[in-house]
Amino acid sequence: MKFISHLPVAACAALLLATTAHAQSDEDLKRDGGGANVLTYGMGYGQQRYSTLDQINKRNVGKLKAAWSLSLENDFGEQAQPIVQDGVMYVSNPKWTVAIDAVTGKQLWRTASEFDADTARVVCCGVSNRGVALYKDMVLRGTLDAHLEALDKKTGKRIWKTKVVDWKEGYSITGAPVVANGVLITGISGGEFGVRGFLAGFDPATGKELWRRHTTAAPEEKGGETWGVEGAYKTGGASTWITGSYDPDLDLVYWGTGNAAPWNPKQRGGDSLFTCSVIAVRPTTGELVWHYQFTPAELYDYDAVGEMILGDLPIDGKKHKVVMQLNKNGFAYVLDRANGKLLAANPFGRVNWASKIDLQTGRPVESEVTKAVLAGESPKVWPSAIGVKPWAHAAFDPNKRVLYANTVNMWMTYNIGGVTGEHKPGQRWTGYRDLSMEKEPGEPWGYMEAIDPLSGKPKWRVPLEDQTHWSSMMATAGGLVFTGRETGEFIALDADTGKQLWQFTTSSGINANPVTWSYKGKQYVTVLSGIGGVGARRNGDVVKNVPKGGSVWTFALQD
């Protein structure tokens with residue numbers, strides 16, 4: 001195995017030749033879906049995080065070995081998904097964008113992502129970046145200080161940089177952008193700081209803004225009547241910090257929105273659209289086509305920003321094109337992706353904030369627990385503000401029709417009674433007190449599990465007795481599921497049983513998105529390692545001796 005530290009930018013002809021890949025077109029992006037290349041966030045527009053590659057499989061995964069590791073010179077933590085095209089890999093973190101020879105691990109170029117150090121104070125849950133987009137001859141990314149930038153794919157030279165919004169007002173960009181129908185789309189972070197959430201579309205060639213769609217409705221807009229307190233929508237949250245999905249046939253982008261701000265719904269009034277929702281928009285205009293709100297009048301930090309997984313499911317004897325989400329609130333949702341009709345909503349973890357989701361109205365049925373919280377009491381609420389599934393992404397096997405996810409098994413208590421205050425730009429705007437989150441004695445912290453999206457019931461479950469997992473899942477046609485642990489282990493599970501088949505301990509904790517790809521007929525698996533973010537804080541003493549420091553790890557079968 002080769003261990004390679006960062007190298008200076010090189011200009012020699014051989015190096016430029018190595019970084020030259022075919023221009024990335026809209027058709028390339030549409031075809032992406034878990035094959036030789038990984039061209040989009042989520043391993044395909046549908047974000048199934050599933051690969052059709054099967055050279056690495058149940059029978060031989062025990063022979064998987066580290067091929068190379070590359071230092072990323074970053075102590076903030078690594079959460080990004082690598083992008084791979086024609087043997088060149090592109091990775092990002094808050095500090096750098098890096099191009100790598102994907103077979104040898106040689107760094108080809110590295111470009112700094114500069115930001116004011118004070119920006120970190122407006123980032124809720126860890127300084128992070130989740131990845132880049134490729135389009136034509138450019139690498140496109142967001143920066144912590146809420147800019148977008150385009151880099152030359154061959155050299156890393158900056159082509160343009162555009163300010164999206166002022167970070168001093170509480171905004172940041174931590175998610176990967178997506179190019180849909182020729183438009184570069186980004187979301188923003190900042191819900192805990194009382195920002196007004198939005199999506200924005202840009203011309204990828206120039207960085208010029210084309211449209212902006214706010215995710216809290218003004219009085220004159222659709223949904224404006226759901227903000228009963230005057231002006232509350234201006235600081236209402238609904239951040240958009242996880243990358244959306246895209247259906248090219250319907251020409252619809254599906255994007256999840258975050259929690260409402262502040263948490264106390266009495267300070268907002270009404271359902272507070274479009275917080276805790278999925279919105280379906282036209283990528284060229286930002287036009288809102290439909291929406292569905294998972295948690296109306298939300299008061300528990302139950303973001304709906306999580307990945308929107310597109311797939312086909314048989315329901316009542318008919319195949320439906322659906323969008324699926326394992327929501328933080330503990331319910332597994334299945335919607336018709338053409339019109340947003342609710343098709344199924346069942347708990348996939350322990351839930352007591354609502355008794356069920358009414359399929360006719362699409363609304364949760366309020367429980368006595370929620371009534372008590374609204375009355376100023378502090379009962380035990382399931383799930384906690386972490387949710388049953390936090391941000392780390394699930395995978396979907398379209399053949400088995402199963403979701404794979406790392407889940408959390410924790411409850412919380414908190415109080416909204418008497419919490420008031422005035423919003424100040426760039427300062428936290430959450431409106432709660434006495435928040436406590438715990439696990440039940442004798443129960444696991446969570447599970448690695450396979451979940452039926454329609455029933456929410458587990459096909460199998462592996463209890464996590466020592467720590468919660470904050471790495472995404474990836475499934476393959478080889479019958480494997482890959483994920484990682486905060487203590488650094490990268491593991492492969494049997495997709496049918498959950499049995500662990502392979503493990504390798506990396507140099508730090510894993511909070512990132514594994515991918516698999518192939519080059520010249522050989523399959524590889526890659527993941528970023530580097531502890532950081534909210535997962536490190538939640539796991540406490542378990543990770544206190546885990547070294548910091550980001551790196552890329554790539555694995556292949558031993559020859």
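A term to settle before selecting anything: buried means under 20% relative accessible area, exposed means over 50%, and partly exposed is what sits in between (1.4 Å probe, protein chains only). You're looking at a predicted model, so local features need pLDDT of at least 70 and side-chain atom pairs count only at pLDDT 80 or more, while totals for chains, interfaces and linings use all residues. Numbering starts from 1 along each chain as its sequence is written, and side-chain values use heavy atoms, with hydrogens and water left out.

**Stop 1**

Select D496 and K400. Their side chains meet in a salt bridge, 3.8 Å from N to O (the rule: a side-chain nitrogen of Lys or Arg within 4 Å of a carboxyl oxygen of Asp or Glu). D496 sits in the loop between strand 34 (489–494) and strand 35 (500–505), and K400 in the loop between strand 26 and strand 27 (402–408), so the pair ties together parts that are 96 residues apart in sequence. Helices here (H or I, at least four residues) and strands (E, at least two) are DSSP runs, numbered from the N terminus. D496 is partly exposed at 42% relative accessible area, and K400 is partly exposed too, at 35%.

**Stop 2**

Jump to helix 3 (368–374). E368 and K371 both lie in this helix, three residues apart, about one turn, and they form a salt bridge with closest N and O atoms 3.3 Å apart. E368 counts as exposed at 59%, whereas K371 is partly exposed at 40%. Next, pick R485 and E489: this salt bridge has its closest N and O atoms 3.3 Å apart, and both residues are buried. By the rule above, the count comes to 24 salt bridges.

**Stop 2: an open sheet**

Which strands form the open sheet, and in what order? Four of them do, in the order 8-9-10-11, with antiparallel pairing. Two strands pair if DSSP finds at least two bridges between them. Strand 8 and strand 11 (158–163) stand at the edges with a single partner strand each, so one side of each has no neighbour in the sheet. Three bridges join strand 8 to strand 9, and L134 has V139 in strand 9 as its bridge partner. Click K136 in the loop between strand 8 (133–135) and strand 9 (138–142): its phi is positive, about 55 degrees, although it is not a glycine.

**Stop 3: a hairpin**

Strand 6 (residues 96–101) and strand 7 run antiparallel, joined by five bridges, and T97 stands opposite T111 in strand 7. The two strands form a hairpin with five residues between them, and G105 in the turn has a positive phi of about 85 degrees. In strand 7 (residues 107–112), five of the six residues are buried.

**Stop 5**

F274 lies in the loop between strand 17 (252–256) and strand 18 (277–281). The bond from W382 to P383 is cis as well, with omega near -10 degrees.
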